[in-house]
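Dear colleague,

Please find below the sequence and the structure that I am handing over to you. My notes on what was found follow directly after them.

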Amino acid sequence: MAVPAQSSGAVAVTERVKPRAPFPWVKLVPYLFILPAFTLFVVMRYIPAIQAIYYSFTEWNGIRAATFIGLENYSRLFQDSLFLDALKNMAGYTVMRTLIVVVMAFFAAELVYSIRSTFMQTFWKIAFIIPLVVPGSVVLLVWAFVFNTQSGILNSLLVAVGLGDLQQPWLGQSSTALWAILLVGFPFISSFAFLIYTSSLQSLPSEVLDAARVDGCNTLRRILYIDLPLMRGPIALTVILLVLEGIQVLTPQVVLTGGGPGTSTESPANFLYRTAFQYGKFGYATSVGVVMLLIGFVFSYFSIRMRYKGAADVDV
Amino acid sequence: MSKVKQLTILAVLCSLVIAIVGVASAQDTELSGTITLYPQEYYRPDQDPEGAAAVEAVIQEYTAMNPGVTVELVPSVPTGTDYTAWLTTRLAAGNAPNIAWQQFYDRNRQADEVWVPLTDFFEMPNPYIPEGTPGHDRWADSFPDFVLAQTRAGDGNWYQVSLDWVETGLYINDGVMEANGLDSTWDGWNDFLNDCDTLKEAGIQPVGVFMTPEWSTYQWLDDIFTSVAFGQMAPDWYLPQYSSEFLPWRQLVTEEMAKAVHDGSFNVNMPQFDFYLQITKEFADRCIIEGFAGIANYDEMQRLFIEGNVAMAWLGSWTSGFLTEEIKFPFSVTYLPEFTAEENPYLKYGTYRVGGPSSTGQYGITQATVDAGLLEEAVDLLMYWSSPASFQRVYDSKPDLIPMVAGTTATDAAMGFQFVAGMPERAFTDPIGRLTPEFGTEHNRLFQQFMLGEITADQLKAEYQPILDQAVVDLCAQENYDWCNS
Amino acid sequence: MSMFRTIRRHSIPQHLILGFFALLTLYPFFFMLMTSFKDNEQFFTQFWAPTLPLHFENYITVWPSVSRFIGNSLLYSVPTLLLTASLSLLTGYAFARYKFYGREVLFMLMLALLMLPGILTLIPLFIQMRDWKWLDTPQGIIIPWTAFELVFATFIMRVFFEKLPKEVFEAARLDGAGELRLLWSIAVPLALPGLGTIAILNVLFTWNDLIWPLVTLFDTKNYPVAPGVLGFRGQYRTDYGRLFAAYTLASIPLMVMFIVTIRKFIQGLSGGLSI
């Protein structure tokens, strides 16, 4: 590509001829601005991704040369009951987790928003941001002890409030393990979603809110009929980010359950990781990654379409 | 002059003598090049500077003897992250260490695709071993027969040296046992199960074993239960190429296991299989700690024992030193009881030893080393590294492992497990090393559900046979055993 | 006056609920701090509660190596941050302030990268780094990290620039400012809050990323904090006090950065982030 050499000249020209830059050069400016970033994307992201997609059509153990086998990996994948279980778990986990995190973060954001003092608002925001410095593995370690059957906090708490009968080996049985993993990180406020919501709430048009107050609109109605519709954008964004995170969920499996008991907490990412690095089946593993990629794509596409369908908050 | 100093001088003199012998025998070849060595836990310069210094000293002596050779030590990759990911990426890119650690069953699965067969070198003299010490004339003599038997790959080759070993034992909280009128001697398996019942009735969790689809201590139980149920048959499955007259009883290797499945001599419809499931379920229901399938790792299991939450725990010899420091109540180490002839209709031995090479000192040479023309250098370094004089000094920093090189001595902590060494070897290795790694994970999953009562014995059998068969198909595709098409 | 009081009394329930949430949220942080002063006996027997005596020596033991890991992390994270910030500013600005052929397609192509599981490209990228002889080098960490973080950062910058009033730019353009002048003297100063947001997200990522530095750096001496600190977990025994002292030390630079940039961070998000 000879563009960079030419372009630097172009920039120099635009600068020198200040008042009215020659028309064609200005048209190039945005391309020049995005060129470095896209060069990086091509070299560091797209090319490796295309290579990975190619490997998904091969049998490859990471050592020998890959042999092309067409769609065989994919047809095997959709007959692999373990993978199908992993997909099911992922779907459940992602839907529930996204829902809980969005609701909790939104709830906390409304609480913070309802406080009048700016000082206290900032205080709470900071209080919920600071815990982000704790590494994820430490958080998981703490939660392992929350769910522990013998000396875990959850069971002790149940005994303390007289609900000893409800004690469970939370991570140790198929019926509760995925739920336990789902709850790791409760109350889910130390999250990016919370910050986005508080900031968005603060910038809602005050005329609308004042009008609502004058009309005697109570808080719940205001949240349901004004805040939520106006926050479609931020909510859609966080939902997409959370879903993408859910599709790639791996650490709780690695740290807490190894995908068990049985297949109850298995996830596609864990399946991919194990298939690649423990079984040495890179071709098969990359086909899992490609399926994850496609799911992410399809979901994001439709959620963006839904977000703009009949949206009240977009003026463009 | 302190005793330490005297000893140091003695050690230096000894190593000088060895060095001279080494130089004398290595001189004619003139080794040169850069060898990378990954000693795993023996080399953690940040966390264990003393141990790392010992390793560096050993290596410095070597490079002094072989000035043409540079040795690059690669520090241990953090535990808890995946070493396999680290190594596989490097193998794929062709820049793995020349001499690297790897778990023996993973290594034997990768075999000559990744690793250099050491079989021929095992027949050669190891010049770094002094005369009179086993291994001087034939390197293989440096290692006990059971070590060689258990680390042999499916194709009959050895791809690694195993310099140390680990054992397991049942740790018992004597105070808790006593308080419930129990002790740690049992007349057979049922007596043990009855003690479990007594403990449970008193509200105490009997035996700490944890279980995930990945590596977990449950696998040791499975080794014993399979050996208990199929011990009689195992010798019938031996293949001549793996047999040695010195070892009439040994662990089945992957090919033998695969062939037994292929021939149908190991299948889910045998009465032994029912017995195997029965004792597994009995133990799960009566003895194992509640929530065993939700305990994530060995440390958490250990913590439950140290906290006194469980009366007994099946733990490894490698943490005995640590446990001795941390446990504040009277405890002892013993072993699971033996099955009697009445209890086991298929009795071969009462119980079996669960120990093995899954330790730190497992080293092999990567194939890329051959391509780089460094094979001779790597073999020479490996011979030097595994000689008793070098390895003793390396080993001394990890006293909880059990050295397996003739001419080295174990520490007290490791000696405590010598009683286990006298027991017969288990016939079956851990599920994750038994056939293919996929088989291991799937085995663990099914048994997790079975032991939790989430599936019945019949459901397990229906799902288990296909994963056995699949493992054989995979192995045949990979290894091309000569019986595969029969 | 009475108005004030009612408002305050009014928000007591909010404060109580938020306080309860904060306790739960802050517990892992507190746990990390507390455990860092324990020895193993205290860790194994008094897991939940703080214990005496405090073992300050944990910090002394881990300091030499952790300080090196922190230094390494800064060496990788700061250039990554500078690169990500400047490139995202440039790219986000172009996407927000210019209409050009293929703009939305390119933008979508870029966002698609968010859906790409990192683990999928681990091996191809690693082989590429090896072929370029970038293994074991700072650029082998910095450039891939930048390529990774740049996607969301550009997204943030685009949204940010679109929220800025168009008039400022129009006016400057009418005054005859060149494209680079516009960028440098108007966009950059206005972009600072947006960059604050990017800084925090960026450093959080680079500080915690484990797998990439682990596979590309051969020598543990060059490790950044995430794989470095994990080294305190032993194969055979782990000194938890030291491990958590290392975790705590490693999080201090993050906290300092949070405190310095948090106002900008929140400001940068003001008006929210949206699609």
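Leaving aside residues up to four places away in sequence, A:Gly164 touches A:Leu158 and A:Val159. Please bear in mind, here and in everything that follows, that this is a predicted model. A:Gly164 belongs to the loop of chain A that runs between α7 (153-160) and α8 (174-183).

The contact between them takes 88 residues from chain A and 83 residues from chain C. Together, chain A and chain C bury about 7800 Å², and carbon and sulfur atoms give 83% of that area. On the chain A side, the residues that lose the most area to chain C are A:Phe33, A:Met44 and A:Arg45, which together supply 11% of what that side buries.

How many residues does the contact between chain B and chain A take from each side? Chain B gives 34 residues and chain A gives 35 residues. About 2700 Å² is buried between chain B and chain A, with 49% of it on carbon and sulfur atoms. In chain B, B:Glu113, B:Glu214 and B:Arg445 lose the most area to chain A, together 20% of what that side buries.

The C-alpha trace of chain C spans about 75 × 70 × 30 Å along its principal axes. Of the 275 residues in chain C, 59% are buried. Among the contacts in chain C with a separation of 6 or more, 74% are between residues 24 or more positions apart. One arrangement of side chains in chain C may also interest you: the charged end of C:Arg158 sits over the ring of C:Phe107, at 4.3 Å from the ring centre.

The domain assignment divides chain B into domain 1 (3-162 + 361-397) and domain 2 (168-356 + 419-479). The C-alpha centres of domain 1 of chain B and domain 2 of chain B lie 32 Å apart. Their contact takes 13 residues from domain 1 of chain B and 20 residues from domain 2 of chain B. The area buried between these two domains of chain B is about 1200 Å², and 54% of it comes from carbon and sulfur atoms. Within domain 1 of chain B, B:Tyr105, B:Arg109 and B:Gln150 lose the most area to domain 2 of chain B, together 42% of what that side buries.

Helix α21 (residues 437-451) of chain B deserves a look as well. This helix has 15 residues and reaches 21 Å from its first C-alpha to its last, close to the 21 Å expected at 1.5 Å a residue. α21(B) is mostly covered, with 15 of its 15 residues buried. Just after α21(B) comes B:Gly453, which takes a positive phi of about 80°.

Finally, there are the aromatic rings. Over all chains, the count comes to 97 aromatic pairs. Why is the pair of B:Phe266 and B:Phe273 edge-to-face? The ring centres of B:Phe266 and B:Phe273 are 6.3 Å apart and their planes stand at 70°, so the pair is edge-to-face, as planes over 60 degrees apart count as such. B:Phe266 and B:Phe273 are both buried.

B:Phe275 and B:Phe339 form another edge-to-face pair, at 6.5 Å centre to centre and with 70° between the planes. This pair links distant parts of the chain, 64 residues apart: B:Phe275 is in helix α12 (residues 271-286) of chain B, and B:Phe339 is in the loop between β8 (331-334) and β9 (355-356) of chain B. B:Phe275 is buried, with a relative accessible area of 7%, and B:Phe339 is buried at 5%.

Ring pairs also link a cluster in chain B, whose members include B:Phe230, B:Trp237, B:Phe266, B:Phe273 and B:Tyr464.

With kind regards

Definitions and conventions
Residues numbered from 1 in each chain as written. Chains lettered and ligands numbered in written order. Heavy atoms only, no water. Helix = DSSP H or I, 4+ residues; strand = E, 2+ residues; numbered from the N terminus. Contact = heavy atoms within 4.5 Å. Phe/Tyr/Trp six-rings, centres within 6.5 Å; stacked < 30°, edge-to-face > 60°. Buried < 20%, exposed > 50% of the residue type's maximum accessible area, 1.4 Å probe, protein only. Lys NZ or Arg CZ within 6 Å of the ring centre and 35° of its normal. Expected span 1.5 Å × (residues − 1). Domains from an automatic or database assignment. Buried area = accessible area lost by both parts, 1.4 Å probe.
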